[in-house]
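User: I am new to this structure. Please take me through the terms used for it, one by one.

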Amino acid sequence: MYIYNTLTRKKEKFEPINEGRVGMYVCGPTVYGDAHLGHARPAITFDLLFRYLQHLGYKVRYVRNITDVGHLEHDADEGEDKIAKKARLEQLEPMEVAQYFTNRFHEAMNALNVLPPSIEPHATGHIMEQEELVQEIIDNGYAYESNGSVYFDVEKYNKDHKYGILSGRNLDETLDNSRELAGVGEKRNQADFALWKKAQPEHIMRWNSPWSVGFPGWHCECTAMGRKYLGNHFDIHGGGMDLVFPHHECEIAQAVASQGDDMVKYWMHNNMITINGQKMGKSLNNFITLSQFFSGDHEKLERAYSPMTIRFFILQAHYRSTVDFSNEALQAAEKGLQRLTEGYNRLMKIVPANETTVDVNGLRQKCEEAMQDDLNSPIVIAHLFDALKAINTINDGKATINAADLDELKSVFKLFLVDILGLKMEDAGAETSGLTAMKGAVDLLLQIRQEAKANKDWATADKIRNELSALGFEIKDGKDKVEWTLN
Ligand code: ZN
């Protein structure tokens, strides 16, 4: 497999550090608000990678953290802690805020069929490891204490190593410009970033440390937890492109300053989602949460979009290209997914013949090749759409397929569509508006039947049951509720 390494700016053949095993770290959410479309993209991108690596036979340890302390409002490094601020406004314990939004995040990820990571460490659970990291950096001469806070000495680091290798920023210019500002505040240089912050009296999240009662800087957690769970050197570190600078740049600096080299072999970044060409942001009033997408409850949304539509919409673009959200684009994705789902369901019902008169050879190979080429999901989807034409021809009785070819075709569709792209075919089938309306109508009929039964109107109750059965609905009377399926 080839993957694009942000650090070397080229596609590289993927060769794990330890044979047969992959260590992968992805930056997770800062849990102070509901997950939005911008959270869905890295989650789905690295879920695709997680699924594909496992398909290739690797034993993957996938670590995705929860940031519940240290992410400050401005430049990640200044202002109030995002979680503490929410807790203050809502009069909650900060951990109540973090837990609530962690639960909400898990619900959204579950709806999007994003597999849970192997380990989900919290920053607040790893204060000790972060303090150890800070001490190592101080001992190696790349950090200084200032008024109880500890800052990374970017200028010193840049003399011995190159700061900015991931983002390609020329720090010399930045340093020159910011030198005029030096002396303002605690930092020697504006480019320096906090490793430890002394807590102000009103700051409610605080821990003891050799330097002050305070809290770790945001960038520390990923270096400390990545190292704890994946070792000093691991294969993949991922996240959104917006994390390249400063977050990941600072992580590299922290790793090099503490252990002498970077921990990460391949840096991978997904591109951003824009809304009508604009960056998503709270101030732009185009900030749409995932639950708003699922419910349709937002002024920019013409209607609700199912989690599988969102997932398919994201996978339709290569993870390194930008994706622009619009109602039209989502509705097109919904239609595409519907066609794939219908084709999939048709395929599962095709009866084999003696010979194959369509060309379905090489589909597996083509899909594998697309995935091997830096996770090219849109090409996989294009190949599956091509195969749909053959499926539809067979379904129309204009072509035939033998048993062996049919089994292969079914297996390829299941593997790529369901297992690797992670699209739920059964749910997708019920997603289209017509089917949603039908579900509602059946539920309504069953409700009327329950009322009839309560009124001892057995004739009506039986009539509804029998008519629905005749239409192919199987009604199961449970203890508390009535369930139905369509055969
Ligand atoms: Zn991170």
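Predicted model: local features only at pLDDT ≥ 70, side-chain atom pairs only at ≥ 80, totals over all residues.

Analyst: Residues are numbered from 1 along each chain as its sequence is written, and side-chain values use heavy atoms, with hydrogens and water left out.

User: What makes Cys 27, Cys 222 and His 247 donors of the zinc ion?

Analyst: Donors are N, O and S atoms within 2.8 Å of the metal (3.2 Å for Na, K and Ca). Cys 27 (SG), Cys 222 (SG) and His 247 (NE2) lie 2.0 to 2.1 Å from the zinc ion, so they count as protein donors. Water is not among the atoms, so the site may look incomplete.

User: Why is Leu 375 called buried?

Analyst: Buried means under 20% relative accessible area, exposed over 50%, partly exposed in between (1.4 Å probe, protein chains only). Leu 375 has 1% relative accessibility, so it counts as buried. Cys 27 and Cys 222 are both buried too.

User: What is the phi of Leu 375?

Analyst: Phi of Leu 375 is positive, about 55°, although Leu 375 is not a glycine. Most residues other than glycine have a negative phi. Leu 375 lies in the loop between helix 12 (363–372) and helix 13 (377–395).

User: How do you know that helix 11 and helix 14 meet?

Analyst: Contact means heavy atoms within 4.5 Å. Residues of helix 11, including Leu 340 and Tyr 344, meet residues of helix 14, including Leu 406 and Phe 413. By class, this contact has nine nonpolar, no polar and two charged residues. Ala, Val, Leu, Ile, Met, Phe, Trp, Tyr, Cys and Pro count as nonpolar, Asp, Glu, Lys and Arg as charged, and the others, Gly among them, as polar.

User: Which peptide bond is cis?

Analyst: The bond from Phe 245 to Pro 246 is cis, with omega near 5°. Most peptide bonds are trans. Pro 246 is found in helix 8.

Conventions: Helix = DSSP H or I, 4+ residues; strand = E, 2+ residues; numbered from the N terminus.
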